[in-house]
Amino acid sequence: MADKKIPEINAGSMADIAFLLLVFFLVTTTIQTDAGLYQLLPQWVEEKSDVEPPKKNKKNVMQVKITASDQLIVEAGKQSAQINFDVLNLKERTIEFLTNNGRADDLSEKPTMAVVVLQNDNGTSYDKYLNVMNELNAAYNTIWNQAAKDEFGQPYEALDKKQQEEIKMKYPKFLSELEATDFDKKK
Amino acid sequence: MSKFKKGKKGKELPQISTASLPDIVFMLLCFFMVVTKMRESDIKVRTRVPQITELRKIENKSLNSFIFIGPPSNQYQAQLGSAPRIQLNDAFAKPADIMTFANQRRTDVPPGQHNEMTVSMKVDGEVKMGLVTEVKTQLRKANMRRVFYLGNKRSEKK
């Protein structure tokens with residue numbers, strides 16, 4: 001046979017390569033983390049109080065209703081209700097309503113007085129509901145972000161707790177939910 | 001013709017060293033160990049969560065409990081039908097069971113952290129709100145009011 005043999009490949013560095021790969025995968029793979037839309041539910045009160053909630057001027061209230069057939073009805077301030085509203089426009093509309101500051105006569109006077117009320121039906125699909133909820137939250141987040149940039153020159157997330165509170169005081173989040181309607185039972 | 005036969009000089013091909021095979025296997029093992037998410041309970045309902053944009057990460061996983069709502073997955077549909085069900089831990093449950101569930105979860109957590117406890121609701125997009133509202137009402141009654149509606153990230157259009 002031939003005398004010359006091809007020398008064996010040195011396997012000593014294989015472990016290093018393996019480790020390199022391991023580290024690479026560790027860094028690049030995103031382990032699926034659960035994330036979601038946060039909401040603080042209102043406190044449960046056992047009996048319905050007789051005290052009427054303070055009457056709000058109608059122009060400070062924006063009503064968003066989702067019907068059993070997943071249609072959106074938006075009634076901002078004193079403006080007439082918009083039926084079959086598109087979810088994609090909801091964020092813009094909410095921002096317009098909240099940051100009106102008395103400019104338009106029939107929308108909110110001040111952000112501190114503006115209230116958004118959401119009502120859904122028991123037949124509403126969760127998908128629609130969460131999308132609407134998402135848009136409303138997005139509206140507030142956008143406003144906060146804008147305010148943070150104007151005031152502190154930083155996005156809202158980068159601010160510390162105190163500064164965030166400050167912005168939240170200026171643009172408080174009054175997003176409440178009414179008891180769901182029940183379209184099926186009405187019949 | 002005999003292109004693939006031994007080289008002209010009849011040289012022997014060196015054997016591939018298998019010394020590194022354990023390393024590779026070990027690496028793969030590590031990789032899968034890290035990536036696979038341990039499920040605390042197997043999910044018996046289908047939960048295709050909606051796509052949303054305003055996501056927030058769950059800060060403290062040990063203080064978080066899950067509620068799954070959705071139609072039972074295929075192997076359970078024969079017994080239970082396809083109407084949406086609630087799953088707590090490993091079992092199907094009724095809305096009334098949430099109170100017990102919440103209280104039980106509370107015993108696992110030191111009292112100082114009770115007001116940091118969260119509930120993640122993993123709900124299928126097709127579920128009707130009636131059931132979800134019921135669950136929410138129960139959570140309010142049980143005073144577990146910090147809720148996450150789990151969703152997948154939707155990249156912003158435009």
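Predicted model: local features only at pLDDT ≥ 70, side-chain atom pairs only at ≥ 80, totals over all residues.
Biologist: Why is B:Ile52 called buried?

Modeller: A residue is buried if 20 or more other C-beta atoms, placed from the backbone, lie within 10 Å of its own, exposed if 12 or fewer do, and partly exposed in between. B:Ile52, which belongs to strand 1 (residues 51-52) of chain B, has 23 other C-beta atoms within 10 Å and is therefore buried. By the same definition, 27% of the 158 residues of chain B count as buried, and 25% of the 187 residues of chain A.

Biologist: What does B:Ile52 touch, leaving out residues up to four places away in sequence?

Modeller: Two residues are in contact if their C-beta atoms, placed from the backbone, lie within 7 Å. With that exclusion, B:Ile52 touches A:Leu37, A:Leu130, A:Asn131 and A:Asn134 in chain A, and B:Gly151 and B:Arg154 in chain B. The C-alpha atoms of B:Ile52 and B:Arg154 are separated by 5.2 Å, although the two residues are 102 apart along the chain.

Biologist: How do you know which strands belong to the open sheet, and in what order they stand?

Modeller: Two strands pair if DSSP finds at least two bridges between them. The open sheet has 7 strands in the order 2(B)-1(A)-7(B)-6(B)-3(B)-4(B)-5(B), with mixed pairing. Strand 2 (56-57) and strand 5 (91-93) of chain B each have a single partner strand, so they stand at the edges and one side of each is left without a neighbour in the sheet. Between the chains, 2 bridges join strand 1 of chain A to strand 2 of chain B, and these strands run antiparallel; A:Gly36 has B:Arg56 as its bridge partner there.

Biologist: What makes strand 6 of chain B a partner of strand 3 and of strand 7?

Modeller: Strand 3 (residues 64-70) is joined to strand 6 by 6 bridges and runs parallel to it, with B:Phe66 opposite B:Ser120 and B:Ile67 opposite B:Met121. Strand 7 (residues 146-150) is joined to strand 6 by 3 bridges, again in parallel, and B:Tyr149 is the bridge partner of B:Met121. The chain crosses from strand 6 through helix 4 (residues 129-141) of chain B to strand 7 in a right-handed β-α-β crossover, a term for a path from the first strand over the helix to the second that runs clockwise with the strands pointing away from the viewer. Strand 6 (residues 118-123) is mostly covered, as 5 of its 6 residues are buried.

Biologist: How many residues bring the two chains into contact, and which element of chain B supplies the largest share?

Modeller: In chain B, 46 residues are in contact with 46 residues of chain A, and helix 4 of chain B gives the largest share of the side that touches chain A, 8 residues. By class that side has 21 nonpolar, 9 polar and 16 charged residues, where Ala, Val, Leu, Ile, Met, Phe, Trp, Tyr, Cys and Pro count as nonpolar, Asp, Glu, Lys and Arg as charged, and the others, Gly among them, as polar.

Terms used
Residues numbered from 1 in each chain as written. Chains lettered and ligands numbered in written order. Helix = DSSP H or I, 4+ residues; strand = E, 2+ residues; numbered from the N terminus.
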